Amino acid sequence: MQHQQLIAALPKTELHVHIEGTFEPELMFAIAQRNQVQLPYASVEELKQAYNFHNLQSFLDLYYAGANVLLKEQDFYDLTWAYLEKCQQDHVVHTEIFFDPQTHTDRGVAFATVFNGIYRACQDAKEKLGVSAYLIMSFLRHLSEEAAFETLEQAQPFKDKIIAVGLDSSEVGHPPSKFERVFAEAKKQGYLIVAHAGEEGPPDYVWQALDLLHVNRIDHGVRSEEDPQLVQRLFEEKMPLTVCPLSNLKLCVVDDMAKHNIKRLLHKGLKVTVNSDDPAYFGGYMNDNFIAITQALDLSTQDLKQLAINSFEASFLPDAQKMAWINKIQAL
Ligand code: HPA
Ligand code: ZN
């Protein structure tokens with residue numbers, strides 16, 4: 001099988017995608033118009049021309065601005081549904097989606113409005129698209145510990161529908177230690193734990209995510225490679241890293257895809273996975289990410305299958321479901 005055909009045929013899970021980062025310019029303009037909100041760009045083309053990032057913060061500024069047009073439950077439904085259709089096209093059979101409640105509640109949109117729109121789209125996708133979804137509530141790390149505790153409180157009525165809590169936004173200057181107590185409380189309440197670490201931040205932030213937050217997965221984690229003892233720890237614990245190749249390229253975490261470390265980390269036996277992060281902003285969904293690294297790093301059939309297997313092993317699906325999908329991958 002050609003690599004491109006294999007990528008399309010492999011069942012996959014996505015473990016690192018921000019729903020606000022799937023907001024395509026066309027849908028953004030349509031929702032802005034129906035909500036009578038003015039975007040600071042005259043056209044879809046002008047907006048796309050602004051997608052010229054040089055680091056994480058330059059992206060986040062636009063990402064939060066785009067989210068401003070989301071006001072009603074239907075807006076969150078339409079956003080999520082559009083992403084889940086992309087999952088079906090890319091044979092992503094299961095996805096674990098981040099949502100950032102604070103991006104919306106800080107603008108006066110109720111938590112329930114955000115949550116119900118996203119959740120209803122996920123329920124419909126299970127039935128109509130054959131794509132399953134879990135939800136991960138992420139705290140914005142540039143905001144305070146107190147604000148994160150308030151968000152955890154607001155999530156209480158929806159607790160059984162949220163699999164995990166996470167940590168995103170501006171990394172440098174906002175280490176995991178800032179949220180140690182919030183994550184301890186979340187864990188006590190039964191949430192699984194993930195955190196962005198080692199994207200722009202140093203390996204020390206990955207150590208903190210492991211030792212202070214007690215994460216089940218590390219989001220990004222590509223800078224872990226700078227610390228051999230940390231690589232050994234990640235290997236021994238079979239700790240998943242949700243790597244996002246096109247994101248790393250667009251945000252200048254790497255300056256050339258041929259220099260990306262995902263293949264080296266895979267061959268060291270780390271549980272790395274492929275993900276799209278903010279696909280509407282970074283130029284591609286799941287299969288685009290697979291194709292980009294396959295071409296730049298000359299990945300083999302076995303590498304591609306291992307990445308797909310890792311995505312199931314690193315997911316929060318029940319073991320029986322993981323095994324059923326992994327058997328299908330091995331039979332391809
Ligand atoms: N890193 C941190 N915060 C984010 C990202 C990211 O890649 N995408 C959306 N919020
Ligand atoms: Zn991310």
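**View 1. Helices H10 and H11 pack with axes that come within 10 Å and cross at roughly 35 degrees.** Helix H10 covers residues 203-211 and helix H11 covers residues 228-236; helices are DSSP runs of H or I with at least four residues, numbered from the N terminus. The model is predicted, local features need pLDDT of at least 70, side-chain atom pairs count only at pLDDT 80 or more, and totals for chains, interfaces and linings use all residues. Residues are numbered from 1 along each chain as its sequence is written, chains are lettered from A and ligands numbered from 1 in the order in which they are written, and side-chain values use heavy atoms, with hydrogens and water left out. Axes are lines fitted to C-alpha atoms over the stretch in contact, and angles run from 0 to 180 degrees between N-to-C directions. The crossing of H10 and H11 is left-handed, meaning that the near helix is turned anticlockwise from the far one by less than a right angle; clockwise would be right-handed. Pro203, Val206, Trp207, Leu210 and Asp211 of H10 meet Gln229, Leu230, Arg233 and Leu234 of H11, where contact means heavy atoms within 4.5 Å.

**View 2. Helices H5 and H7 pack at an angle of about 35 degrees, with axes 7 Å apart.** H5 spans residues 73-89 and H7 spans residues 111-128. Their crossing is right-handed. Among the contact residues are Phe76, Tyr77 and Trp81 of H5 and Val114, Ile118 and Ala121 of H7.

**View 3. Ligand 1 is surrounded by residues that include His18, Glu199 and Asp277.** Others around the ligand include Leu56, Phe59, Tyr63 and His220; a residue is counted if one of its heavy atoms lies within 4 Å. A nitrogen atom of ligand 1 is 3.2 Å from a side-chain N or O atom of His18. For Glu199, a polar side-chain atom lies 2.8 Å from a nitrogen atom of the ligand. An oxygen atom of ligand 1 is 2.7 Å from a side-chain N or O atom of Asp277. Taken alone, the ligand exposes 260 Å², and the protein buries 100% of that; areas come from the Shrake-Rupley method with a 1.4 Å probe.

**View 4. Phe29 is found in helix H2, residues 25-34.** Leaving out residues up to four places away in sequence, Phe29 touches Leu39, Tyr41, Ala42, Ser43, Val44 and Leu47.

Notes
Helix = DSSP H or I, 4+ residues; strand = E, 2+ residues; numbered from the N terminus. Polar contact = N/O pair within 3.5 Å; in protein donor to acceptor, adjacent residues only side chain to side chain.
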